[in-house]
Amino acid sequence: MRAIHLLGFLLLAGAAPLAAAVADQIKARQANFKQLGRDYKALGDEIKRGSPNPGIVKARAAAVAAAASRIPRWFPPGSGPEAGVKTAAKAEIWRRVPDFKAKAAGLRAEAGKMARLAGGGDRDAMAAQLKAVGARCKACHTDYREED
Amino acid sequence: MRAGPDRPPRRLIWDLPTRIVHWALVLLVPFSWWTAENDMMDRHRLSGYFILGLLVFRLLWGVVGGESARFAGFVRGPRAAWRFVRALATRAALPASVGHNPLGGWSVLAMLAALIGQVSLGLFAIDGDGLESGPLSHYVGYDTARLAAAAHEIVFYILIGLIALHLLAVGWHQFALRHNLIGPMITGRGDAPAGVAAPIQAPAWRAAAALVASAALAWFVANGLRLI
């Protein structure tokens, strides 16, 4: 009897930090995506201006590309809806990992192109590429994110 | 139609521009809601630009339009509105008039204000990803644009509340007071009580001028306040 209690205690003691770690992972993921949204908006706003500041364009495009390459790491197993923490990430992400990773790679490729274009002064090309990046963002949101 | 002494003459109450604005809003407000719900943001923005143009037109028409459309004609003080409410409550005879009654005038102003607020917020709003944005959102930062988006959702509910009140009032006129408001808003013509003059109409060139001005302004805003 006592052994079972002890076992239960150990399980609880072990599970609590685990749950906290998952909650932290989810919070960090949400913060990362919010920052990605900020960078994407700032990049788009700058491109819309009459004469975009190349420094700002480069910095924001680099931030978007860097975030895009990290996205698969933001979704460790266990950080889905089963964690019991509020998250818009669908369980399908971990059921269809190859597709999820392929979509993330697609975003990474377009974001990389964006970062390379950011060095030049072709505003129309940048605006078009920004849309291509946005389309890759949406591809995942449609399949793998709950509607708010 | 027999025009006997027992039947008041049918007169033009609502001019064509006022009716077009009204029914265009009836179509575009639900369309805006539906396109937003179904993530069709290009159409949602387009709908918003048309509503913006209609609102600018209606504001101009409220100054230079026909008598029943003019703010100076239908916006009455709180005392007149209160007298109207008292008359309704005590079932006393309502003062004879055509066009907006003293309470309905305030309802129109409230709906116009809510629509103006709603369109203005939409111009600055973005979604959380920065992917979808109103045409003026690049003039504000991320957090301000997100705040505009949150307020855009709240004002929608205020707008729905005002529209519901409007529909209830129209229904009440129709069924409780036996006073048909819907027919005149479609045909423009309605019964004018004896002794009340028909509203003075505005010339068509003014409507054309207001249309050009409002379309130009809506286009300018939709283009992010840029001329090219």
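Predicted model: local features only at pLDDT ≥ 70, side-chain atom pairs only at ≥ 80, totals over all residues.
**First stop: a pair in chain A.** Select E46(A) and R49(A). Their side chains form a salt bridge, with N and O 3.2 Å apart. Colour the two by accessibility: E46(A) counts as buried because its relative accessibility is 7%, while R49(A), at 36%, counts as partly exposed.

**Next, a network.** Stay in chain A and select R96(A), D99(A), K103(A) and D143(A). Salt bridges link these four residues in a network.

**Now over to chain B.** Show the cartoon for the whole chain. The C-alpha atoms fill a box of roughly 65 × 40 × 30 Å along the principal axes. Of the 228 residues in chain B, 39% are buried. Among its contacts with a separation of 6 or more, 67% are between residues 24 or more positions apart.

Select D191(B) and R10(B), which form a salt bridge whose closest N and O atoms are 3.2 Å apart. D191(B) sits in strand β2 (residues 189–191) and R10(B) in strand β1 (residues 10–12), so this pair links distant parts of the chain, 181 residues apart. Both ends are partly exposed: D191(B) has a relative accessible area of 38%, and R10(B) has 47%.

Which parts of chain B do R45(B) and E132(B) tie together? Select them and you will see a salt bridge between their side chains, 3.1 Å from N to O. R45(B) belongs to helix α2 (residues 41–64), whereas E132(B) is in the loop between α5 (102–124) and α6 (142–175), so the bridge ties together parts that are 87 residues apart in sequence. R45(B) and E132(B) are both buried.

Select E146(A), E147(A), D148(A), E37(B), D39(B) and E153(B) together: they form a negative surface patch. To place one of them, look for D39(B) in the loop between α1 (16–37) and α2 of chain B.

**Last view.** Finally, colour by charge: chain B has 19 positive and 12 negative charges, and their mean positions are 19 Å apart.

Key. Residues numbered from 1 in each chain as written. Chains lettered and ligands numbered in written order. Heavy atoms only, no water. Buried < 20%, exposed > 50% of the residue type's maximum accessible area, 1.4 Å probe, protein only. Helix = DSSP H or I, 4+ residues; strand = E, 2+ residues; numbered from the N terminus. Patch = residues over 30% accessible without salt bridge, like charges linked within 9 Å, V, L, I, M, F, W, Y side chains within 5 Å. Areas by Shrake-Rupley, 256 points an atom, 1.4 Å probe, with all protein chains shown as cover. Lys, Arg positive; Asp, Glu negative; His and termini not counted. Charge placed at Lys NZ, Arg CZ, Asp CG, Glu CD. Contact = heavy atoms within 4.5 Å.
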